[in-house]
Amino acid sequence: ADTVETILGQITIVQQELGHEGTLLYVDIVGVFTANGNGKRIRAYISSALCFDSGVIASISAVAWRLTLQILAKTISSQTVHAQFCINAASPLLTRTLTTANANIAVPIKVTGTNSTATLGEITLDWMRLLCNQTPQGG
């Protein structure tokens, strides 16, 4: 990533996977910041809606980071997203966001990175995966 918001990774939730009230998806995203003190920022989106923003993280270098999204389907077109962001041994940042992705179509989830200098590779993604899909019984 550099000073322009750059897509680090993206996965797509297939059509209707978020279409049942109570369906819970977990997305786990893991990466590394390079060894310098430049400011860094991680964001996540469901469809085009921002669901997590770390804000600028200053003076963090050469450490791993992890973002976990818990996406709960409320209706066919609304979700509650709980995000937990951890950097090394620092206290986690927890957020809650409401999104309105239409589950009748495939829903992309992407993570982006931005840093304070125009240097490529300061924020890298190791992996991004859908961990769990729990659909309510009898539905």
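Good morning, colleagues. Two remarks on the basis of this presentation come first. This is a predicted model, in which local features need pLDDT of at least 70 and side-chain atom pairs count only at pLDDT 80 or more, while totals for chains, interfaces and linings use all residues. Residues are numbered from 1 along each chain as its sequence is written, and side-chain values use heavy atoms, with hydrogens and water left out.

Let me begin with the overall picture. The protein chain contains zero helices and nine strands. Here helices (H or I, at least four residues) and strands (E, at least two) are DSSP runs, numbered from the N terminus. Along the sequence the pattern is accordingly β-β-β-β-β-β-β-β-β. Of the 139 residues in the protein chain, 42% count as buried; buried means under 20% relative accessible area, exposed means over 50%, and partly exposed lies in between, with a 1.4 Å probe and protein chains only. The accessible surface of the protein chain is about 6800 Å², and carbon and sulfur atoms hold 53% of it. Such areas come from the Shrake-Rupley method with a 1.4 Å probe, and for residues only the protein chains shown count as cover. Among contacts in the protein chain with a separation of 6 or more, 70% are between residues 24 or more positions apart, where contact means heavy atoms within 4.5 Å.

I turn now to the open sheet. Four strands form it in the order β1-β8-β3-β4, with antiparallel pairing; two strands pair if DSSP finds at least two bridges between them. β1 (6–13) and β4 (49–53) stand at the edges with a single partner strand each, so one side of each has no neighbour in the sheet. On average, neighbouring strands of this sheet are turned by 20° against each other, direction ignored. For such angles, axes are lines fitted to C-alpha atoms, for helices over the stretch in contact, and angles run from 0 to 180 degrees between N-to-C directions.

β8 covers residues 107–115 and is joined to β1 by seven antiparallel bridges. Ile-13 has Val-107 of β8 as its bridge partner, and Ile-11 stands opposite Ile-109 in β8. β3 is also joined to β8 by seven bridges, again antiparallel, with Ala-44 partnered by Val-111 of β8. How many of the nine residues of β8 are buried? Seven of them are, and the strand is mostly covered.

This brings us back to Asn-115. With 4% relative accessibility, Asn-115 counts as buried. A polar atom of its side chain lies 2.6 Å from the backbone oxygen of Thr-117. The side chains of Asn-115 and Glu-122 are joined by a polar contact of 3.3 Å. A polar contact is a pair of N or O atoms within 3.5 Å; within protein, one must be able to donate a hydrogen and the other to accept it, and residues adjacent in sequence count only if both atoms are side-chain atoms.

Next, β2 and β5. These two strands pair in the antiparallel sense over nine bridges, and Val-27 stands opposite Leu-69 in β5. β2 is mostly covered, with eight of its 10 residues buried. Asp-28 has its place in β2 and counts as buried at 0% relative accessibility. The side chain of Asp-28 makes a polar contact of 2.6 Å with that of Arg-66. Not counting residues up to four places away in sequence, Asp-28 touches residues including Leu-67, Trp-127 and Leu-131.

Leu-131 itself lies in strand β9 (residues 123–134). Leu-131 is partly exposed, with a relative accessible area of 41%.

Finally, the nonpolar core. Which residues have the most contacts inside the largest nonpolar core? They are Trp-65, Leu-67 and Leu-69, in a core of 31 residues. β1, β2 (24–33), β3 (40–46), β4, β5 (64–75), β6 (78–87), β8 and β9 each supply at least two of its residues, and β5 gives the most, with five. A nonpolar core is a set of buried Ala, Val, Leu, Ile, Met, Phe, Trp, Tyr and Cys residues joined through side-chain atoms within 4.5 Å. Beyond four places in sequence, the residues that Leu-67 touches include Val-27, Ile-42, Phe-52 and Phe-85.
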